[in-house]
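Hello,

Please find the structure below. My notes on it follow.

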Amino acid sequence: MGTWMTWLRDRLPAGGGLRDEDWAGRHRLLTVLLAVVMVVLTVFGVFQGEHHAVTLLLTDGLILPAVAAAALLRSRRLRSVAVALGFTVACAGFVSLSHGLTEAHFTFFIVVAALALYRDWAPFGAFLVATTLHHGVFGTLVGDHTYDHQNATAHPLIWALVHGVAVLFAAGFQLISWSLSETEEQRAQENLDESQAQLSVAFDETPVPMAMIDPDGVLVRTNAAFREWLRLPAELPAGFALTDLPIKSVDEAGARLFETLTGRTEPVTVTHQYRRADDGSLMWVQVHSTGLYDRHGRLRMVFVHCLDVTAVRDHEAELHYQVRHDSLTGLLSRKAFEHDLAGLLDRSREPVSVIYLDVDRFKTINDGSGHTTGDDVLRALAVRLRQVVPAGALIARLGGDEFVVALPGPAGTGLRVGNGILAALAEPLPIGAQELPVSVSVGVTTAFGPAAVDDVVLAADTAMYAAKRAGGNRVQVFTDALRVPVQERIAAETRLRRALAASPRHTLPLWFQPVVSTVTGQIIGAEALVRMRTPEGTILGPHAFVGVAEETGLIVPLGEHVLRSAIDHLLHWSDRLGYVSVNVSPRQLAEPDFVPMVAGVLAGVPHLDPSRVVLEITETALLSSAGDVSERLAALKQLGVRIALDDFGTGYSSLTWLKSLPADIVKLDRSFVAGLAGDPRKSSIISAVLWLAHSLGMSTIAEGVEDLADWSALQAAGCPAVQGYFFSKPLPAPDFDRMLASAGRTSSLIRS
């Protein structure tokens, strides 16, 4: 029995549980509804006639006290019972006024559902008991006012039981709904409790300082990390606000921090510097803020978490110093000098002198005494410059052994300071336990008013090179006569930029020099060589623009144009020319986008065999290129192109390159080829290189073949291919096209 009761108790709703504000809202609704029902019943009773006056007065007389009790009593349960009894009277009165009409009894079922809003056993049970008593008592005493059929009038208790059971079933389903709602709410509450517990753990245990602040600036909640960070007690006093924190902002913006956080609806991240009240130390604090708003858009809470970024800021300051200063000498770096010089030129009311210095024969110091001694010389020179140059001047090391000084002052200031530097270096520099004599070449220029930094530094640099060419250890002032080489360089750069911006196929045409087989005498390939066509129609050789292209970086777009154009010509001569080769400069090879560029060009001609494209790379390019040259060349090889090692024999370690690099072709420099027929030593060297290249699976091309004797000697030595004026100078594409056509009709290009 006890087990059954326990089972029933566990499945029935517990009752109650509504928050006061929720219960008050529901009770207000039902009370008003009861009052409205009373008014409606009164109107309904009046229309029924005078013979219902007693019933109407009795009904209103009982409902009115119930409404008053529902409004005035203090106990929630008594007020809800009053409403339940009032509705019982209202339903009974309506049934009586309707002469016991069966449909009028439906109101009892409606009230069952309405009273379920209380979710309380007291009003619910009171209504069920009162309803059952009404049907039984009134059905017996005044049956004609309770039931509208004879059977019910004759057996009122049975029909009271029938109606009671029906109401009980209706109430039962309401209880089931009520119970299910309680179960769901309990589950939701458990989930909420778990979420709040997780939030509490996440908030309280996180090592990041966090706080919740109300709109008045009072700290509602803080975590342990926040209190430990600001050295606050574990329990903060009531009303503890932001103004009570033991830190003060060092700037006005930081003092208005909370206004900033509450003034924007989106999340805010700000960083300010603060001073601790206890020890006066400074710290940088990064504050991340998120406002919590209600559905009406009113700010309810500000959630912040704080990061002490003092170490980060100190590190950034150190990095900033390192960026602005040369790591070896502590002087300004190139970028910092250029930035500061631009500002000096803009704001100075006096002329600005720029002094460019280069150590004479510094390579001799490095080679003779080692790079460590060279670094010591540069550091000692920086110290000497600081001693000689007036305070406030900009002093920088541009790189290597080059220094530059800038300072405002009357005309002649630069020359005076330059001579002072020479005089100061008349005494040897202290390097460790010894003293080392050092001289410099000095170039001086003066800028009047705002000027381009590059132009000013270039003028001083030009003057310095003039001093160095004159023997060094002297000062050279920049003049217009020294500007001529600079102007020529600028003009060359301008011509190249215009040629690239126009129609490169016309302004930068390719010429081709044939590569001839020593076995068949036929053209097997060609080297593409770029030329420049001026607006006047003059054709300029590569010496007029390639050097400038290398210096300015224009060699990158120029090289891409040459590659694309060469492939287009190769496709045009597809059945008459085996391959085409293009030169790759050191600057191109150093570009990280070079390999992707080649891949993109080849992707545009998927029907072309990539091995018919040869990239010629000099040993100089390999030696001067930064990064892992082998990996870059291997990536090119994966594209299917072939690699030629150009000018072989002119570098520092040719045999090493042959062994370590993935080259397909070795091009012997003309210095090995010229006079080969009459020089047994050259013949031996070439034979050795041919054997080595062959053993490494490489082909060989001899460059600079200019006479028949050298051709015959190379043929006898087994060199597979040659190139040179003996066969043809580089030719424009139309002339080369005619040569290919002529070669196709003859058996050989060899001159008789």
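**Ser98 and the helices around it**

Ser98 sits in the loop between helix H4 (76–97) and helix H5 (106–115). Helices (H or I, at least four residues) and strands (E, at least two) are DSSP runs, numbered from the N terminus. This is a predicted model: local features need pLDDT of at least 70, side-chain atom pairs count only at pLDDT 80 or more, and totals for chains, interfaces and linings use all residues. Residues are numbered from 1 along each chain as its sequence is written, and side-chain values use heavy atoms, with hydrogens and water left out.

Is Ser98 buried or exposed? Ser98 counts as buried, because its relative accessibility is 15%. Buried means under 20% relative accessible area, exposed over 50%, partly exposed in between (1.4 Å probe, protein chains only). Leaving aside residues up to four places away in sequence, Ser98 touches Phe44 and Ala104. Contact here means heavy atoms within 4.5 Å.

Now the helix packing. Two packed helices are described by the angle between their axes and the distance between the axes. Axes are lines fitted to C-alpha atoms, for helices over the stretch in contact, and angles run from 0 to 180 degrees between N-to-C directions.

The axes of H4 and H5 come within 10 Å and cross at roughly 165°. H4 and H5 are therefore roughly antiparallel to each other. The cut-offs: angles under 35 degrees count as roughly parallel, over 145 as roughly antiparallel, 65 to 115 as roughly perpendicular and the rest as oblique. The crossing of H4 with H5 is right-handed. A crossing is left-handed if the near helix is turned anticlockwise from the far one by less than a right angle, and right-handed if clockwise. H4 brings Val83, Ala84, Phe87, Thr88, Cys91, Ala92, Phe94 and Val95 to the contact, and H5 brings Thr107, Phe108, Val111 and Leu115. By class, that contact of H4 with H5 has 10 nonpolar, two polar and no charged residues. Ala, Val, Leu, Ile, Met, Phe, Trp, Tyr, Cys and Pro count as nonpolar, Asp, Glu, Lys and Arg as charged, and the others, Gly among them, as polar.

H4 also packs with helix H2 (residues 20–48), at an angle of about 25° and with the axes 10 Å apart. That angle makes H2 roughly parallel to H4. The crossing of H2 and H4 is left-handed. Residues of H2 in the contact include Trp23, Leu30, Val37 and Phe44, and those of H4 include Arg76, Val83, Phe87 and Leu97. The contact of H2 with H4 divides into 12 nonpolar, six polar and three charged residues.

Two strands pair if DSSP finds at least two bridges between them.

Strands E7 (residues 352–359) and E12 (residues 440–447) pair in the antiparallel sense over eight bridges. Val352 has Ala447 of E12 as its bridge partner.

**The six-stranded sheet**

Another open sheet has six strands, in the order E2-E1-E6-E5-E4-E3, with antiparallel pairing. Its edge strands, E2 (219–222) and E3 (247–249), each pair on one side only. The twist averages 35° from one strand to the next. E3 joins strand E4 (residues 268–276) through three bridges, running antiparallel. Lys248 has Arg275 of E4 as its bridge partner.

**Strand E18**

How many residues of strand E18 (residues 579–584) are buried? Five of its six. E18 pairs with strand E15 (residues 523–530) in the parallel sense over three bridges. Five bridges join E18 to strand E19 (residues 613–618), also parallel.

**Overall**

The protein has 30 helices and 24 strands. Buried residues make up 45% of its 752 residues.

Best wishes
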